[in-house]
Every structure is written in structure tokens, then in C-alpha cells.
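Biologist: I'd like a quick tour of this one. Keep it short, please.

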2 protein chains.
Amino acid sequence: MGRHREFDPDEALHIALQVFRRRGYEGTSISDLTEAMGITRPSLYAAFGNKEDLFRRTLDLYERQHLCFAHEALQAPTAQEAVERLLRGYVDVLTDPMGPPGCLGVNGAVACSEASEAIREELIARRMVNENNLRDRLEKARCNGDFPSNEDPADWARYVVSVGLGMAVRAASGASREELHRVVDVALRSWPTVSR
Amino acid sequence: MGRHREFDPDEALHIALQVFRRRGYEGTSISDLTEAMGITRPSLYAAFGNKEDLFRRTLDLYERQHLCFAHEALQAPTAQEAVERLLRGYVDVLTDPMGPPGCLGVNGAVACSEASEAIREELIARRMVNENNLRDRLEKARCNGDFPSNEDPADWARYVVSVGLGMAVRAASGASREELHRVVDVALRSWPTVSR
DNA sequence: TGTTTAACATACTGATTGGTATATTATGTA
DNA sequence: TACATAATATACCAATCAGTATGTTAAACA
């Protein structure tokens, strides 16, 4: 019973994602959000808790909707193909013309005031999960003879993620899709092969 | 004539650099700055103009004091050595234990509110200068036969800067110096040699 | 020793921040 | 039709934001 909600929370969350992704966590005000969503402040707080809760929910949505390709990419037959799919897919996310450029996980907060430290650390932790997934994939590849045994999977996962982060910053600065794919081209030139 | 200033503007600027570098442009408040500097608001405004002016002056100081190695690095005898010095030197800046980790040019603003767009664009422009300097160095190297003629200097400059940006984000997230030097190790594995 | 000048300290401005109290309106149920 | 419930709209909260007006203090010059 009770009055019906006059807005779609899921649609509102998608809008929040766009705003947060463009402006970052601290650069986005509640007024920015309610204005873009077309709802009032009490409606936002009733539906999503507070700003921090809302941001975490947009992070979940972002990973579900835009970063889901990574899981499939890691299941490519070879390690090299997995990494290439990872980086190419990420470039396409970073420069998706349907939304603001860059990555929510990077644009969200690289540096921020003390008040937002919790969000900054959340983002760092989420990035670490992705890197660990890649490292595990490379470790598996090394067991399969698909990745040189004298190379360190952690080193290469760190390198690949670093290239990704760099491209995310560039994308937020307006880099084109083609430009970033050329970065991937160069980044992959060093990929190690098993000698036999 | 008139009363003497009771603080050292240059010392105050160094402190501002520390604060801005840790918290970013928007994450830093005037109160954060005056508190750290040990001066009052009117003193700050009298000495440095407004927040935006002060930030630009800290940027100048940062480049002068921490990024000056880049100029010398580019003068290394070979392109490969120049790039290696560039990346290694940058890692040392990013993880200098005397200051907060990360790069002011990246921590300053990746994403921000509309009110700080001018600062964001200033940072993008300054980054572009560095990339162009590297590209020019590689172009010179190509003329000297020190860099393959079938490789694009712009592509490689873009790649190197991307790796640098990625490491800057990592550093701000707490990455160690050793960790980042291992990223450089991997990043340089693909450096192209002239076939003869 | 005045007078001028500039940096000092205190207190303030209007605007905006994240978040909420209150009253109204619309709904399902009894 | 009356009641309970929940979402709305309006207006508000204290705190903080960047920036400043004002009065006081300390120095250099005449």
C-alpha cells in the first residue's frame, strides 16, 4: 500500500552513473544528481540512502553493465588473446560514445578530501580485484605452458593494469578510440612467448 | 615601506604543493591550505591571488622542482636511454618519500565539477606538452638512425606517457617504488631497435 | 617623531554542501 | 468510505565553501 513511485530507480541509477562518471565522486553534488534524474532530494535519499551508498550502487551497476566483458575476456583460449581482449574491450568502454569518456573507477576519485577517503579506498580495492583476476589467469596460463615459466604473472598483470589506468586518464582527457587502440598495439608488442 | 611579511611565500608554496598533491584541486579547501601553511586567509589571498592562481603557481613549482629531470633525460645519447631515464625518474618522483605519493598533474584533477573545468584543462594541456617533447625527441632519434624508421614516434610517445599516467594512478593508490620500477621493466621490453 | 604603507587578525559575506523535518498527495486495504 | 502507508513537494538545517571588509599592528620614510 502507499503511493506509487513516480520514477524508475534503475533508470535513475543509470543517470547517476553518467553524472558520477563525468564529474567524479566529489565533483558531483546531490543537486547535480537530482537535477539530472528529475527527482527531489527526499526521493533520492529514500531510494538510495546517502551519497556514498548511491555511489557504491552506481559502481556495482558500472561493473555489471560495462566491465562484464572482462570476465569473458579472461576465458579466451590463450593468455595473449585474453589480455588483448581485455585491453581492447576496456578502450571501447572508455570511449563509448553513449556516455562520458573515461572509467568510473578512475574518474571517481584519484585524489580527494579527507571526507571521501572511504570512497577512494573502495575504488583502489575494486581495481585490485581486477588485477588479481588477471594475475590468476596468467598463472593458469603458465601451468598450461601458454605463458613463459620464467616470467612473473604478477609483473605482467601489474603492467597491463597500469596501461589500462593510463588509458583511462587519457580517455577522460578526450583521447579518441583510435588513439587508445594504438596504445594497445604498442603495449602488446612486448608480450612474451614460450620458447620451444 | 610597510609591515614585513611574517611568513616565507616560497616555503608556503612548498606546503601548498604538498596539500594539493595529496588532496587534488577540489579536494583541497582554503582552510586546509591556511592551516598547513600557518597563515591566515587574507595573507594567502594577498600573497597568491585566489585558489586557482595559487594552484597554477604550485604547478609551476612542481614542474620546476620535481619534473625538471625530464628535460635532462631527453638529452640522453640514445632514445631508449632517454625513455628509460624518463620513466625511472618519474617513478622516483611518484614515490618520493618526502611528499605525498602520485603526481600533481594527475592527482590535481582527472574528473571534477564544472567549476574547476579550467584547471582540468590546464592539466591536460601541460601533460600534452610533455608528450610532444618526447615525440620530438623520438623524431630526432629517427633522423639519427637511433629509432626505426618504420615506427611512429607519436605512437611510442603516447604509449610511454600512458604507462606513466597509469603508474601515477597506482602511486596515488599506494604502490611501492619497486613495484613501479617493475612496471617500467616490462614496459621497456618492447622498445624497438634499428635492424641493420 | 609623525605619517604612510602594508601585513596582520577577526569576523563576516552569500552561495553551496550533504542531509532532513514537515506537510501534502496519492495509493491499497479494511 | 475511512484508514494506513508511502512517495511526493517545500522548506529548512548546520557546516563548509571561496573570498573579503574592517580594524589593528608593525615597519620604512620624511
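Modeller: One term to begin with. A helix here is a DSSP run of H or I, at least four residues long, and helices are numbered from the N terminus. Also, this is a predicted model.

Biologist: Fine. How many helices and strands does chain A have?

Modeller: Chain A has 10 helices and 0 strands. From the N terminus on, the order is α-α-α-α-α-α-α-α-α-α.

Biologist: And what does the C-alpha trace of chain A span?

Modeller: About 70 × 35 × 30 Å along its principal axes.

Biologist: How much of chain A is buried?

Modeller: Buried residues are 40% of the 196 residues in chain A. As for contacts in chain A with a separation of 6 or more, 65% of them join residues 24 or more positions apart.

Biologist: Pick a helix. How far does α9 of chain A reach?

Modeller: α9(A) covers residues 153-172, which is 20 residues. From first C-alpha to last, α9(A) reaches 29 Å, close to the 28 Å expected at 1.5 Å a residue.

Biologist: Is α9(A) mostly covered or mostly open?

Modeller: Mostly covered. Of the 20 residues in α9(A), 17 are buried.

Biologist: What follows α9(A)?

Modeller: A:G174 follows α9(A), and the phi of A:G174 is positive, near 105°.

Biologist: Now the two chains. How is chain B laid on chain A?

Modeller: By a turn of 180° and a shift of 0.0 Å along the axis, with an RMSD of 0.0 Å. That is the relation of a two-fold axis.

Biologist: How many residues are in contact between chain B and chain A?

Modeller: 34 residues of chain B are in contact with 34 residues of chain A. On the chain B side, α1 (9-23), α7 (104-107), α9 (153-172) and α10 (177-187) each supply at least two residues. α9(B) gives the most to that side, with 13 residues.

Biologist: What classes of residue are on that side of chain B?

Modeller: 15 nonpolar, 10 polar and 9 charged.

Biologist: Why do you say the copies meet through the same surface?

Modeller: Because 100% of the interface residues of chain B are also interface residues in chain A.

Biologist: What about the largest nonpolar core?

Modeller: The largest nonpolar core has 108 residues. A:V160 and B:V160 have the most contacts inside that core.

Biologist: What does B:V160 touch?

Modeller: B:V83, B:L86, B:L87 and B:L134, leaving out residues up to four places away in sequence.

Conventions:
Residues are numbered from 1 along each chain as its sequence is written. Chains are lettered from A and ligands numbered from 1 in the order in which they are written. This is a predicted model: local features need pLDDT of at least 70, side-chain atom pairs count only at pLDDT 80 or more; totals for chains, interfaces and linings use all residues. Two residues are in contact if their C-beta atoms, placed from the backbone, lie within 7 Å. Ala, Val, Leu, Ile, Met, Phe, Trp, Tyr, Cys and Pro count as nonpolar, Asp, Glu, Lys and Arg as charged, and the others, Gly among them, as polar. A residue is buried if 20 or more other C-beta atoms lie within 10 Å of its own, exposed if 12 or fewer, and partly exposed in between; C-beta atoms are placed from the backbone. Copies are superposed by least squares on the C-alpha atoms of residues with pLDDT of at least 70 in both. The expected span of a helix is 1.5 Å times one less than its number of residues. A nonpolar core is a set of buried Ala, Val, Leu, Ile, Met, Phe, Trp, Tyr and Cys residues joined through C-beta atoms within 7 Å.
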